[in-house]
Amino acid sequence: MSKLGNLGARLHRGEVGYDFVGNRKLWYGLSILITITAIVGLAVRGLNMGIEFQGGAVFNTPKTSVSVSQAQEYAEEASGHDAIVQKLGSGDEATLRIQVAGIDTQQANKVSAELAEKLGVEESDVTGELVGPSWGEQIANKAWQGLGIFLVLVVIYLAIAFEWRMALAAFVALIHDITITVGIYALVGFEVTPGTVIGLLTILGYSLYDTVVVFDSLKEQTKDITKQTRWTYSDIANRSINSTLVRSVNTTVVALLPVAGLLFIGGGFLGAGMLNDISLSLFVGLAAGAYSSIFIATPLVADLKEREPQMKALKKRVLAKRAQSAAQGESQDAPAGDEPLDDEPEDATPAVVGPRNQPAARNRGRGRPSGKRR
């Protein structure tokens with residue numbers, strides 16, 4: 001078995017683990033810092049909305065040796081607006097896709113003619129497509145409606161399948177993922193297109209799936225939790241995270257690899273800039289979803305559950321029993337402040353720890369005859 005597989009098996013059995021729930025204040029603070037940074041970036045820089053949302057024109061040129069920066073300068077001089085130029089293909093004879101926002105039909109015809117003149121091509125070879133702002137507004141409204149319906153259905157389903165505390169924690173995790181993804185778009189300055197909206201809605205389903213996997217394990221392990229005095233709710237929540245940790249990491253890595261190929265190789269090295277709008281939302285959202293399911297959703301459920309009276313009473317009983325066991329262990333080893341007895345053998349065998357951390361009874365008559373012979 002590989003080292004990772006062996007670690008996953010030990011995590012699942014509870015032999016090893018990391019205290020995610022115990023360090024939840026650290027994760028909360030880190031998430032708050034990231035969220036504030038994203039909100040500040042969104043408020044200061046705003047989103048770079050594509051022409052599908054604010055209206056404008058898209059021009060496609062034939063093969064030309066004009067550079068991207070030079071074509072951008074030509075388009076901005078002709079239109080008086082900011083322009084986005086993307087190179088389609090490779091080599092010196094690649095075509096260009098020029099986007100100019102905020103112009104109408106009359107301005108688009110003028111820009112097309114001036115671009116053809118400066119690029120040294122026929123005006124008929126420069127094709128243009130005009131996009132009205134009303135169409136982009138309709139798409140934005142539909143996207144918000146779809147997002148709202150999705151969140152409502154998610155909360156209802158989780159409240160029925162699990163409980164309202166898990167539904168609330170999952171809702172907070174989803175809002176956390178959306179805020180971070182949108183904030184990254186504002187900070188990086190990538191264009192927001194309908195593809196971005198599709199990617200954003202896609203990551204919500206993935207984030208929810210990862211969270212539900214942990215919640216399902218937590219639900220199974222907390223059945224009849226108040227009938228025992230070994231674990232608190234936070235202890236079992238932490239065991240649930242550790243038991244599904246390797247699965248979550250493997251799933252996230254496998255999902256991120258193709259998306260990283262689109263973002264860094266397709267959009268970066270090959271120049272397919274149109275892939276950036278959807279690949280960035282998927283990449284950031286998948287990573288944020290895996291983080292929130294482990295570090296936010298489950299610790300938040302544990303926080304909410306520990307406020308219940310029966311869970312408070314359970315925690316009090318568990319801590320009292322642990323203190324009693326620790327005191328018994330100290331008294332068996334050596335009384336506090338007393339020296340070991342002189343006639344105690346040096347190779348005395350210590351008590352063996354049995355199930356549920358209770359000391360197993362020593363065999364006091366070991367090596368002695370039973371008194372009867374058969």
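Here is a short tour of this structure, one selection at a time.

**Before you start**

You're looking at a predicted model, so local features need pLDDT of at least 70 and side-chain atom pairs count only at pLDDT 80 or more, while totals for chains, interfaces and linings use all residues. Residues are numbered from 1 along each chain as its sequence is written, and side-chain values use heavy atoms, with hydrogens and water left out.

**Stop 1: the sheet**

Helices (H or I, at least four residues) and strands (E, at least two) are DSSP runs, numbered from the N terminus. Four strands make an open, antiparallel sheet in the order β3-β4-β2-β5; two strands pair if DSSP finds at least two bridges between them. Now select 83–88 and 127–131: these are β3 and β5, the edge strands, and each has a single partner, so one side of each has no neighbour in the sheet. Ignoring direction, neighbouring strands here are turned by 15° against each other on average.

Which residue in β4 stands opposite Q86? Show both side chains and you'll find R97.

**Stop 2: helices on the sheet**

Select 68–79 to get α4, which lies across β3 and β4 and runs at about 145° to β3. Angles like this run from 0 to 180 degrees between N-to-C directions, using lines fitted to C-alpha atoms, for helices over the stretch in contact. Then pick 105–119: this is α5, packed on the sheet and touching β2 (56–60), β4 and β5. Its direction makes about 25° with that of β2.

**Stop 3: the cores**

In soluble globular proteins, nonpolar side chains tend to be buried together. A nonpolar core here is a set of buried Ala, Val, Leu, Ile, Met, Phe, Trp, Tyr and Cys residues joined through side-chain atoms within 4.5 Å. Buried means under 20% relative accessible area, exposed over 50%, and partly exposed in between (1.4 Å probe, protein chains only).

The largest core has 37 residues, and L158, M166, F215, L218, Y233 and V301 have the most contacts inside it. Which helix gives the largest share? Colour α11 (276–305), because that helix supplies eight residues of this core.

Zoom in on V301. Leaving aside neighbours within four places in sequence, V301 is in contact (heavy atoms within 4.5 Å) with R165, M166, A169, F215, L218 and Y233. There's also a second, separate core of 19 residues, with V66, A78, I98 and L119 among them.

**Stop 4: charged pairs**

Side chains of opposite charge can pair when their charged atoms come close. A salt bridge is a side-chain nitrogen of Lys or Arg within 4 Å of a carboxyl oxygen of Asp or Glu, and the whole structure has nine.

R165 bridges to E163, with the closest N and O atoms 2.7 Å apart, and to E308, with the closest N and O atoms 2.6 Å apart. E308 sits in the loop between α11 and α12 while R165 is in α7, 143 residues apart. Buried or exposed? E308 is buried at 9% relative accessible area, and R165 is buried at 15%.

Finish with R322 and D235, another salt bridge, with the closest N and O atoms 2.7 Å apart. R322 lies in α12 and D235 in α9, so this pair ties together parts 87 residues apart in sequence. Both are partly exposed: R322 at 37% and D235 at 23%.
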